[in-house]
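My notes follow the structure.

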Amino acid sequence: MVQVNEPKKPWAGRFEKPTTRFLDEFGASLKADKRMWEEDIRGSIAHARMLAEQQIISKDDADAIEAGLSEIFREIRDGRFKFDVADEDIHMAIERALTERIGPAGGRLHTARSRNDQVATDTRLYAKRRALDLLQANIRLREAIVTLAHMHQTVLMPGYTHMQKAQPVLFSHHMLAYFWMLSRDATRFRHAFEAADFLPLGSAALAGTTFPIDRSLVAERLGFSQVTPNSMDAVSDRDFLVDLVYACALTMIHLSRLCEELVLWSTEEFGFITLDDSYSTGSSIMPQKKNPDFAELIRGKSGRTLGDLVALLTMLKSLPLAYNKDMQEDKEAAFDAIDTTIDSMTVAAPMLSTMQVNKDRMYQACLGGFMAATDLADHLVYSGIPFRSAHEIVGKLVLQCEKAGRTLQDLSFEELAAIHQSFAEDSGKLVDIRSVVSRRNSEGGTGPEALSLQLERVNETIASDIDWLEDARAVPWA
Ligand code: ARG
């Protein structure tokens, strides 16, 4: 027997047959969009007040609507609200409950409005709120990185290219590379907030409305800085979500690179760091194991957010104007990306703050790999030898050392002087790893003087994001 749904649909007037319960469930989005309940209610209250002020509905009706919505607000907030199996989405659930409570006045709320501009409004309000949460988590993570950089300013470690030892760097410099990646992500979260900061309400289904509405008033009360300029674009645009999810996906890609390094550095082979026990797990069979599970999991979750971005872009691809039901698929992808990214940043921050930095292991690793070779070549260049010839001379020296199983630091003063008389003066200092690092004070380099300038820029950058976040949070919404 085909099951039919009992409650009457708002559009029932035009239909002779109902849909099956299975189809209703298939078409529903409540499970995902119920988290926008607060946005939906605030949006409706702002809309109803404006309708009354423009004398489109009576003041009494608007008051009844506001009182009813406020009651529903408290019920949902306190977990007392009863959703109906037949509620298709959060918008219908709230309107149904409102009408049950206040009768025909509830039916006037949807005047000059469609679910198309309503859902776009809710989603933008939600995206704005979560963009700020993302920025907040991003700032906390960057603060953890900065603290680490401050604490270990003299720690040396090998820098790699092609995963081969290249030149020694300061551990702080390496960590701050992640600070700057995440700073660009912060800029992207700020941009995503601004992209969402346009009020679509008043666009109605797609063409605007015959009622004398005041969109700017609603925008101001909901904390939007502008109203959308084209009703068709307004109801079919989800670019602001793409912007936000892209910022999430790229953050996760950055975290996956960081976590990959943490996993590698915590191997016995590297031993550069030891993750705190509280950020590690054991094995059910091998008693000795201590696994960097959480770093691995963040690395793994980056795939999901990338998938969310692709899902969202693909959903939008080739969609004709204006609203299409395909767009209902936007929320699950966006919410998943937002949740995953906030959680991952929230886990990464204390994982970094609590890890132990094994500076002796890092220093020992700096002695191998002939990492002073570029400095020997540069030294020859300072004595007038063309860089290409210098490169060849030092290359041969490295080859000799490698064959003999020696390091550059093992070479005697006489051996170096025999290669070129300019090595006679300060050959020892030339190959000393700390001096190698200390010489690289070009702007943005790893040398200690360049690092202190970098730390000043770090402070300015983070302070400007904190100020921006405070200003954005200070804007009231309904
Ligand atoms: N649940 C829908 C969504 O998320 C709301 C808009 C539905 N509008 C419509 N005309 N069917 O997109």
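These entries cover what I looked up.

I am working with a predicted model, where local features need pLDDT of at least 70, side-chain atom pairs count only at pLDDT 80 or more, and totals for chains, interfaces and linings use all residues. Numbering runs from 1 along each chain as its sequence is written, and side-chain values use heavy atoms, with hydrogens and water left out.

**Helix pair.** I took helices as DSSP runs (H or I, at least four residues), numbered from the N terminus. The axes of α4 (residues 59–77) and α5 (residues 90–102) come within 9 Å and cross at roughly 120°. Axes are lines fitted to C-alpha atoms over the stretch in contact, with angles from 0 to 180 degrees between N-to-C directions.

I listed the contact (heavy atoms within 4.5 Å). On α4, Ala64, Gly68 and Ile72 are among its residues; α5 supplies Ala97 and Arg101, among others.

**Cores.** I counted a nonpolar core as buried Ala, Val, Leu, Ile, Met, Phe, Trp, Tyr and Cys joined through side-chain atoms within 4.5 Å. Buried means under 20% relative accessible area, exposed over 50%, partly exposed in between (1.4 Å probe, protein chains only). The largest core has 85 residues, and Phe171 and Trp265 are among those with the most contacts inside it. Helix α10 (residues 239–265) gives the most, 15 residues. A second, separate core of 32 residues includes Ile76, Ile94 and Ala97.

**Helix end.** I found alanine 474 in helix α19 (residues 448–474). Alanine 474 counts as exposed, at 58% relative accessibility.

Notes
Helix = DSSP H or I, 4+ residues; strand = E, 2+ residues; numbered from the N terminus.
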